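User: I'm new to this structure and would like to learn how to read it. Could you walk me through it step by step?

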Amino acid sequence: MFKSGTPLTSLAITAGGLIGFFVLMIGLVGVNAVLLQTLDGLSKGSAYAMIALGLTLIFGTLGVVNFAHGALFMIGAFCAVTLSKFLTLSKEVVDESKTDFLGNPLKVNVPYVNDLFGEATGATIIDWAVPLSLLFAIPVMILVGIVMERGLIKHFYKRPHADQILVTFGLAIVLQEIIKFYYGANPIPTPAPSAFSGSLDFGALIGMDPNLIIYPYWRIIYFVFAALIIGAVFAFLQFTTFGMVVRAGMADRETVQLLGINIDRRFTLMFGLAAAVAGLAGVMYTPINSPNYHMGMDFLVLSFVVVVVGGMGSLPGAVLAGFLLGILESFASMREILDVLPGINQIIIYLVAIIILLTRPRGLMGKKGVMEE
Amino acid sequence: MFGLNKKDFNLFLIVIALTMLAPFILNPFPAGSGMAQFNAGYPDLMQRFVIFGIFAIGFNILFGLTGYLSFGHAAFLGVGSYGAIWMMKLVTLNVIPAIIMGVIVSGVFALAIGFISLRRSGIYFSILTLAFAQMSYALAYSVLTPITGGETGLQIKPTDRPIFSNLEEGEIGRANLFGLDMRSSYELEVGNWAFTFNTGYYIAAIVMILAFYLSIRIFRSPFGTMLRAVKSNQTRMNYTGLNARPYTLAAFVISGMYAGLAGGLLVAMDTQVGPERMFWTASGEVVLMTILGGASTLIGPVLGAGLIKYMENILSKINKDILHQWFAFLPDGIEDFLVTIVYPFIGKGWHLTLGIIFMAVVIFLPGGLVEGGKRFMDFVKRKKSKTPPSDESAQSTPAE
């Protein structure tokens, strides 16, 4: 059992283990398969990492365990659904040039955007609905986050963690039922722009034979997007005065308050930021899996596991654990592995979480004294 | 009496009376009348009331007394169910061995999981139990298909020939208690009312009364006091030279066995089981039941279980047409308006109502419905006597 250790030693252990793991896997299944699975794992882990980052941000600043974070992810996804529905709002026009099978003039639906911007631009706008939703989702999510914090979570700082879990769990149920009422229970397909619908021949790109490593464009974009967002959050915390004050508040809230800084207001904004990160993760996720009302809950359980593995309260830990578990999961779903250990892909994340929690209670990069017992 | 003090004994008598007279109490409206849809006195639902009551009582022994919030309790219910159905498929169709098997299997399972999970506390404990339950679910769903039947689950099939049974060729075995069929019922018709007395329900009810009695004894025992000490201050308990682990582990295993008992009873009633019984939403449901009714009170979890199961089965059946009937006496505009307002909260949207009630309880009434009832009684009493309540009664904890 590891007794203690700084985040650096654990990082070294993780890196060493990872290199060993990759060498072993390359020996077992070959370079191509390893590259493909790593790519897959990184894109799977992107969603975990972004949600876990938001969870940790909320926990680190406000000390609240937010079970409604999955619901925020889901609301983000439904921002994309709403915008694409809004853009395709249309009126019925009789097209004289075409006829239906009875010989009557055909009625076609013409979206209002076509009237505004012309047909070609209108079609492009509708095609790009998901990326456009990012702009729409940011203010919505920040607003939702701030309302949530001021309206409900504020009153739970002094209550036990169990109460926080319970009330946010209740909130998650309410939020997803509201979405279910307005959008129905079925998944709503929300495709990516047609420019990104194909697959990228990744192997050819790095000088290997073509058709060896092929991966969908959108998933690669998802990973790049996640990397950008995560980078932006870290840069914001690291290089702005606002971020510096927030970090100081996370380290010692009272002293910051004594210096005459209204830290509560900044923490509220951080809640909004965390909600926005979860929401953006949800927006970009819609082309990968059609959103339905309980997608947030499905992600929430895994994201909590990710946070705990990364170390409660550690932002880099959450991101690292998100990507690591994503990679592990995709390696575990390989045929070669499943032949030896059937069903391992279903349980690998939980298994890792249990092992980490028992051997290294603080998680990969957890700080001392954060939520220990 | 029975080792209970007067207050507990009265509570116990009330519970006995309520469960035994449930077919009457839950059927207050005559059949065929407009209100008949609110009748909950049919066997299937009554069985669920008591069985999930047992489940919640067991969960409360862990959460209510020690404060350890398990988010994976449904795993024990599921494992107990699988144990019970295999007993029925292979050995005998009598329900008693099946239920005992369910309790034993889930007890062993709880011992293993509790031994590991209880190394941590707080949110880590919740995550660990959640992880174990999700693992069990995933395994039951996929790899363990030969044992669990995978997605379709397990049922008693015409090909099942238990050792101790004299089934004819091709006859599907039915769960029984020494020849008494679980599904047999006696119908009593009084005027317009029809009351159903179901064998399965009464067996489940008797088991619940026993389980309830046991939980009162646990709450009042030195062991129960130890568990409360774990909740209020574990560090202090350690400093007095006591190791909290054996006590919490015992509570965890007892609680798991209660869940197994509930699982075994579920199988005894409908002779089938599927992996969705172990999904984490099922674990969340028992948390909702216990908190809603009142954690760490004796009767609370049973009330919570009853309320949620009632909403799930009765409230969810109400659709728009029925709403229009209710508000038919109002002018058309107001009728449509009211229906639009109310509709999201009932029928398929009953989860929304549940979520809102649950949040309200957590925010305003941490003691659950029991505390709500107590506050209401205090309020009524104060109105009557017009004297301020003494400090003692204001500080007392909800009835335990």
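Analyst: Happy to! Let's start where helix α16 (residues 344-359) of chain A packs against helix α6 (residues 122-141) of chain B, at an angle of about 150° and with their axes 9 Å apart. Helices here are DSSP runs of H or I with at least four residues, strands are runs of E with at least two, and both are numbered from the N terminus. This is a predicted model, where local features need pLDDT of at least 70, side-chain atom pairs count only at pLDDT 80 or more, and totals for chains, interfaces and linings use all residues. Residues are numbered from 1 along each chain as its sequence is written, while chains are lettered from A and ligands numbered from 1 in the order in which they are written.

User: How should I read an angle and a distance like that?

Analyst: Two packed helices are described by the angle between their axes and the distance between the axes. Axes are lines fitted to C-alpha atoms, for helices over the stretch in contact, and angles run from 0 to 180 degrees between N-to-C directions. Angles under 35 degrees count as roughly parallel, over 145 as roughly antiparallel, 65 to 115 as roughly perpendicular and the rest as oblique. So α16(A) and α6(B) are roughly antiparallel to each other.

User: Which residues of α16(A) and α6(B) make the contact?

Analyst: From α16(A) they include A:Y350, A:I354 and A:L357, and from α6(B) they include B:L128, B:M135 and B:L139. Two residues are in contact if their C-beta atoms, placed from the backbone, lie within 7 Å. The residues of this contact divide into 12 nonpolar, 2 polar and no charged. Here Ala, Val, Leu, Ile, Met, Phe, Trp, Tyr, Cys and Pro count as nonpolar, Asp, Glu, Lys and Arg as charged, and the others, Gly among them, as polar.

User: How many residues of chain A are in contact with chain B?

Analyst: There are 32 from chain A, in contact with 33 residues of chain B. On the chain A side, α7 (161-183), α13 (295-310) and α16 each supply at least two residues. The most comes from α7(A), with 14 residues. That side of chain A divides into 25 nonpolar, 4 polar and 3 charged residues.

User: What does a helix pair within chain B look like?

Analyst: Take helix α4 (residues 74-90) and helix α5 (residues 95-117) of chain B, whose axes come within 7 Å and cross at roughly 140°. α4(B) and α5(B) are therefore oblique to each other. Among the residues that meet are B:G80 and B:A84 in α4(B), and B:G102 and B:S106 in α5(B). The residues of this contact divide into 13 nonpolar, 5 polar and no charged.

User: What can a backbone angle tell me?

Analyst: Most residues other than glycine have a negative phi, and most peptide bonds are trans. B:T271 has a positive phi, near 45°, and sits in the loop between α11 (244-270) and β6 (272-273) of chain B. B:S296, also not a glycine, has a positive phi of about 60° and lies in the loop between α12 (280-293) and α13 (300-313) of chain B.

User: Is B:S296 buried or exposed?

Analyst: B:S296 is buried, with 24 other C-beta atoms within 10 Å. A residue is buried if 20 or more other C-beta atoms lie within 10 Å of its own, exposed if 12 or fewer, and partly exposed in between, with C-beta atoms placed from the backbone. B:T271 counts as buried too, with 23 C-beta neighbours inside 10 Å.
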